[in-house]
Amino acid sequence: MRWTLRPATANDLEDLVELRAVAMRPDLERLGRYDDHRVRQRLRDAYAPEHTRIIEVDGEFAGSISMRPAKDRQWLEHFYLAPHHQGRGVGSAVLRAVLDEAGGATVALNVLQGSPARKLYERHGFVTEAEDPVDVFMVRKFL
């Protein structure tokens with residue numbers, strides 16, 4: 001299994017929209033917040049290909065990850081991995097590579113309450129900064 005990152009394009013949007021719906025459905029349903037239209041439209045409204053990279057595994061589309069610059073931090077967003085690639089080390093490897101590229105920048109993200117992805121972020125040095133009934137806001141300061 002070989003993974004790579006490539007720059008996203010406008011043509012990647014609909015594949016990402018569908019992947020987001022599949023990847024987030026279990027957590028959103030558990031929280032009573034799954035809406036078939038909204039889960040897709042939120043990515044359509046926020047998509048910034050200039051900050052997004054496509055994850056390919058063995059040459060095939062497998063997911064995405066975005067790093068959006070902000071005033072005092074970078075925001076890690078839209079990190080989705082196709083379910084059949086989860087649990088195989090791809091997510092950890094991609095996250096490690098993107099954090100290395102961020103250098104000394106503070107990186108922030110939010111993850112849904114109860115999501116198994118939270119453990120991945122904690123293993124990579126993220127700590128809880130704040131939380132509400134739906135989201136956990138995490139930050140990783142330069143280590």
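A crossing of two helices is right-handed if the near helix is turned clockwise from the far one by less than a right angle. The views below come from a predicted model.

**View 1. Helix 1 crosses helix 2 in a right-handed sense.** Helix 1 spans residues 13-30, and helix 2 spans residues 36-46. The two pack at an angle of about 135°. Their axes lie 9 Å apart.

**View 2. Side chains of both helices feature in the contact of helix 1 with helix 2.** Helix 1 contributes Leu13, Glu14, Leu16, Val17, Glu18, Arg20, Ala21, Met24 and Leu28. Helix 2 contributes Arg38, Val39, Arg40, Arg42, Leu43 and Arg44. By class, the contact has 8 nonpolar and 7 charged residues. No polar residue takes part.

**View 3. A salt bridge joins Glu18 to Arg40.** The closest N and O atoms are 2.9 Å apart. Glu18 sits in helix 1 and Arg40 in helix 2. The pair links distant parts of the chain, 22 residues apart. Glu18 is partly exposed, with a relative accessible area of 36%. Arg40 has 16% relative accessibility, so this residue counts as buried, the limit being under 20%.

View 4. Arg30 is partly exposed at 44% relative accessibility. Asp27 is buried, with a relative accessible area of 13%.

**View 5. A salt bridge connects Arg53 and Glu101.** The N to O distance is 2.6 Å. Arg53 lies in strand 2 (residues 52-57) and Glu101 in helix 3 (residues 90-101), so the pair ties together parts that are 48 residues apart in sequence. Arg53 counts as partly exposed at 27% relative accessibility. Glu101 has 51% relative accessibility and counts as exposed, because the cut-off is over 50%.

**View 6. Arg6, Asp12 and Glu56 belong to one salt-bridge network.** Salt bridges that share partners join these three residues. Side chains of opposite charge can pair when their charged atoms come close. The structure holds 12 salt bridges.

Definitions and conventions. Residues numbered from 1 in each chain as written. Predicted model: local features only at pLDDT ≥ 70, side-chain atom pairs only at ≥ 80, totals over all residues. Heavy atoms only, no water. Axes fitted to C-alpha atoms, helices over the stretch in contact; angles between N-to-C directions. Helix = DSSP H or I, 4+ residues; strand = E, 2+ residues; numbered from the N terminus. Contact = heavy atoms within 4.5 Å. Nonpolar A, V, L, I, M, F, W, Y, C, P; charged D, E, K, R; others polar. Salt bridge = Lys/Arg side-chain N within 4 Å of Asp/Glu carboxyl O. Buried < 20%, exposed > 50% of the residue type's maximum accessible area, 1.4 Å probe, protein only.
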